[in-house]
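Me: Could you take one part of this model and describe closely how it sits in its surroundings? Please then relate it to the charged pairs and nonpolar cores elsewhere in the chain.

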Amino acid sequence: ADLENAINHLIRYEIDLADALRRTVCDAMIGFGVLKVGITYAFNSEDEFGYMHDPGQPFCDPVLLEDLVLDMRATRWDQVQFIGDRYEIPLQDVLDNKDFNKEARDHIKSYTPDSAYVDDSDVNSNAISSGTNRDDESEFFEMCKLMDVWIPRYNIVVTMCAEKTGGPPLRIVEWEGPEKGPYHPLILEEIPGNLLPLPPIAMVQDIHE
């Protein structure tokens with residue numbers, strides 16, 4: 001009974017699973033939905049990924065189609081050689097994260113102007129009050145786009161920079177979750193031999209018009 005209460009509290013209040021499922025169903029109506037699951041590991045995960053991501057706690061996040069990285073040569077989902085997603089976190093968190101490969105962090109920093117790397121202590125009150133940092137009026141913090149990729153053949157998740165090519169990956173870890181990996185598609189109308197489905201909206205659009 002205690003376990004039941006704890007799990008219900010987790011999925012309802014801590015990670016808001018219902019909202020993640022709702023968003024994925026909406027995505028599936030116009031294309032197809034993808035959920036990313038796993039265990040939050042970073043000590044500052046709430047700052048990087050949002051307040052719904054506590055360290056050591058499961059997460060379940062919808063993946064936008066424009067952020068999805070997918071092996072389109074496969075004809076079935078269980079045959080994809082890789083699948084992943086892109087996301088943004090503060091550049092300073094990437095450079096300070098000791099779990100990331102130091103050579104990879106140095107590679108990212110080498111492509112970043114010195115003025116773009118600003119410690120929190122260096123952001124003065126004028127920058128905060130104006131809603132910008134010292135060097136970039138479009139972002140409060142300099143951001144870095146990363147990419148997680150699951151490779152089923154080796155059952156590993158590779159984290160790399162999605163913008164700066166040529167360097168080593170930031171992190172490689174063995175996947176220890178569900179056998180189908182961290183990415184779970186929701187397809188409402190399957191087309192044999194195709195990864196991409198026939199979404200319901202495509203079938204009712206002509207009727208609607």
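Reply: In helix H5, which spans residues 102–110, the buried residues are Ala104, Arg105, His107 and Ile108. Around the helix axis they cover an arc of only 155°, which places them on the same side of H5; the arc is taken from the directions leading from the axis to the C-beta atoms. An α-helix has 3.6 residues a turn, so residues three or four places apart point the same way. Buried denotes a relative accessible area under 20%, exposed one over 50%, and partly exposed a value in between, with a 1.4 Å probe and protein chains only. Helices (H or I, at least four residues) and strands (E, at least two) are DSSP runs numbered from the N terminus.

The model is predicted: local features require pLDDT of at least 70 and side-chain atom pairs pLDDT 80 or more, whereas totals for chains, interfaces and linings use all residues. Residues are numbered from 1 along each chain as its sequence is written, and side-chain values use heavy atoms, with hydrogens and water left out.

The buried residues of H5 pack against helix H4 (91–96) and against strands E5 (143–151) and E6 (156–161), where contact means heavy atoms within 4.5 Å. Lys102, Glu103 and Ser110 are exposed and lie on the face of H5 turned away from its buried side. At the N-terminal end, asparagine 101 caps the helix, a side-chain oxygen lying 2.8 Å from the backbone nitrogen of glutamate 103. Such a polar contact is a pair of N or O atoms within 3.5 Å; within protein, one atom must be able to donate a hydrogen and the other to accept it, and residues adjacent in sequence count only if both atoms are side-chain atoms.

Charged pairs come next. The whole structure contains 7 salt bridges, each being a side-chain nitrogen of Lys or Arg within 4 Å of a carboxyl oxygen of Asp or Glu. One of them joins lysine 36 to aspartate 85, with the closest N and O atoms 3.0 Å apart. This pair links distant parts of the chain, as lysine 36 belongs to strand E1 (residues 33–39) and aspartate 85 to strand E4 (residues 83–90), 49 residues apart. Both lysine 36 and aspartate 85 are buried.

Another salt bridge connects arginine 22 and aspartate 19, whose closest N and O atoms are 2.8 Å apart. These two residues are 3 residues apart in helix H2 (residues 17–30), which means that about one helical turn separates them. Arginine 22 is partly exposed at 45% relative accessibility, and aspartate 19 is partly exposed at 24%. Asp19, Arg22 and Arg23 are linked in a network of salt bridges.

As to the nonpolar interior, a core is a set of buried Ala, Val, Leu, Ile, Met, Phe, Trp, Tyr and Cys residues joined through side-chain atoms within 4.5 Å. The largest has 13 residues, of which Val34, Leu68, Leu70, Ile83, Trp150 and Tyr183 touch the most other members. Not counting residues up to four places away in sequence, tryptophan 150 touches a set of residues that includes Phe82, Ile83, Ile156, Val157, Trp175, Pro182 and Tyr183. A second, separate core of 12 residues includes Tyr87, Leu91, Val94 and Phe100.
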